[in-house]
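Me: Can you walk me through this one? I have a few quick questions.

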Amino acid sequence: MLRKNTTPGKLIIVEGIDGSGKSTQIDLLYKWLQAQGRSVYFSEWNSSQLVKSTTKRAKKNKTFTPTTFSLLQATDFADRWENRILPLLKAGVIVLADRYTFTAFGRDVARGVDRVWVRNLYSFAMQPDIALFFRVPLDVAVKRITSARASLKYYEAGMDLKLSESRIESFHLFQERILNEYDQMVDEFGLTVIDGTLTVQAQQRLMREIVRKELEGWEGLPIPDAPPKTLLKYGIYDEKGGANV
Amino acid sequence: MSNPEFYGAGFPYREFADLPGKLIVLEGSDGVGRSTQTQLLRRWLEDEGFAVSDTGLRRSGLTQKGLDEAKNGHTLSRITMSLFYATDFADRLENQIIPALEAGFIVLSDRYFYSIMARDIVRGVDPKWAHKVYGFALKPDLILYLKADVTDLVSRLIHGRGLNYWEAGMDIHLADNLFDSFINYQSKISMQFSQFAKEYDFVTIDAGRPISEVFSDLQSHIRHLLEDQHPIIDIDL
């Protein structure tokens, strides 16, 4: 259980194994929300500048253990949480996240860390208002990934788990474990399952419908250039965005 | 520690046969004389024929550069800082301390996670959360806590290497100057340690005495721990 979002902002996250199509979907949602004149911020997994050099070194030297991998990614998340996500939620912004705590709960447990321990690490984070899990059969995801890139990286393929000598085989087994963890999290965290085998457009339609419902009657942080609709209605602003005073 | 014990789940993905070495931790505030005592203990134990490995905070090859960079920019928020230090500690534990214990070394650890946790809690991190984060940590065989009055520490530091920004907790704005901030901050840390002393079975050593007295106290506790070990001690040239 994560604590409830008590901020005026909205937190929308996407999850799924590599190749599930979630990044494409959240990117489309991001552009749509911007076009709708909403204050929106996008945060990507493992993108904090703070731990970047450390991650790079550990990956290169292959010195990560499941525990240090888990802790370093939690550090990355904490940095984004404390300095970006939480302050912006407090300001009333819509925060979109490509991967959230559930990625850690899936991957780190697949690597062998304790389920309860990793949930505690992230217990400072809040339950998203919308948490979408893009579910695709393992073979589909693996095929999408392996055909899209020349080679799989060591940790990406879960080679550190020593499941197989072959990167593709290892990737397959690693993703299978993660998928099992995700399936268990659907009930535990109330994830909304989206069928990732539908067309991109069909998935986006479902997603926008869910988001539209969530944002009904909600204002959020106004963008200075775009006058809020209510103010327009009362004639405080003219159509060009200038104040009528 | 033939049967390694952990504060929580430990490292579930790792098999531990036994750890024939011993883990001895020296804890205590900055300026209390930990590193001097660690050096003395090392020399003594090696004389007694033990293989000794010493390790200190923030020496992990994994995170040192990142932590230094972050500290220089003072950009760490409290949970982020707490987790970054936990990463560093885990790296040292898994890649240095445990292998040394497996090889039968006596590991003298200049501080352990208790220091990091004390610092985190003083900065407002939830103690229960922090305690669970360190569920992977190995329980030491012996924790020696060097305790001294804060005024004592000030005098040692001012006549030694001086007060520094982080040791004075200047980042949490307890006072407008280094001296007051140091007193205030170290008193808070000291209160945390007193609580940990009970929770984690610290052996409290009065560090306000001359170096040799403190040393012989430490020796007697360590001798007691090593009673059943058989070093080569009675051969002279």
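Predicted model: local features only at pLDDT ≥ 70, side-chain atom pairs only at ≥ 80, totals over all residues.

Me: Where does F89(B) sit in chain B?
Reply: F89(B) lies in helix α3 of chain B, residues 78-102.

Me: Is F89(B) buried or exposed?
Reply: Buried. F89(B) has 27 other C-beta atoms within 10 Å, and the cut-off for buried is 20 or more.

Me: Switching to chain A. What is the strand order in the five-stranded sheet?
Reply: β2-β3-β1-β4-β5 of chain A. The sheet is open, with parallel pairing.

Me: Which strands are at the edges?
Reply: β2(A), residues 40-44, and β5(A), residues 192-195. Each pairs on one side only.

Me: What's the twist from one strand to the next?
Reply: It averages 20°.

Me: How many bridges join β4(A) and β5(A)?
Reply: Four, in the parallel sense. β4(A) covers residues 130-135. Within this pair, F134(A) stands opposite I194(A) of β5(A).

Me: Which strands does helix α1(A) touch?
Reply: Helix α1(A), residues 22-35, packs on the sheet and touches β1(A), β2(A), β3(A) and β4(A). Its direction makes about 160° with that of β3(A).

Me: Now helices. How do α6(A) and α7(A) cross?
Reply: At roughly 135°, with the axes coming within 10 Å. That makes α6(A) oblique to α7(A). The crossing is right-handed.

Me: Which residues make that contact?
Reply: From α6(A), L138(A), A141(A), V142(A) and T146(A). From α7(A), I168(A), F171(A), H172(A), Q175(A), E176(A) and L179(A). By class, the contact has six nonpolar, three polar and one charged residues.

Me: Last topic, the two chains. How many residues of chain A are in contact with chain B?
Reply: 28 residues of chain A, in contact with 28 of chain B.

Me: Which elements of chain A give two or more residues to that side?
Reply: α2(A), α3(A) and α5(A). The largest share, eleven residues, comes from α3(A).

Me: How do the residues on that side of chain A divide by class?
Reply: Twelve are nonpolar, eleven polar and five charged.

Key
Residues numbered from 1 in each chain as written. Chains lettered and ligands numbered in written order. Buried ≥ 20, exposed ≤ 12 C-beta atoms within 10 Å, placed from the backbone. Pairing = 2+ DSSP bridges. Axes fitted to C-alpha atoms, helices over the stretch in contact; angles between N-to-C directions. Contact = placed C-beta atoms within 7 Å. Parallel < 35°, antiparallel > 145°, perpendicular 65-115°, else oblique. Left-handed = near helix turned anticlockwise from the far one by under 90°. Nonpolar A, V, L, I, M, F, W, Y, C, P; charged D, E, K, R; others polar.
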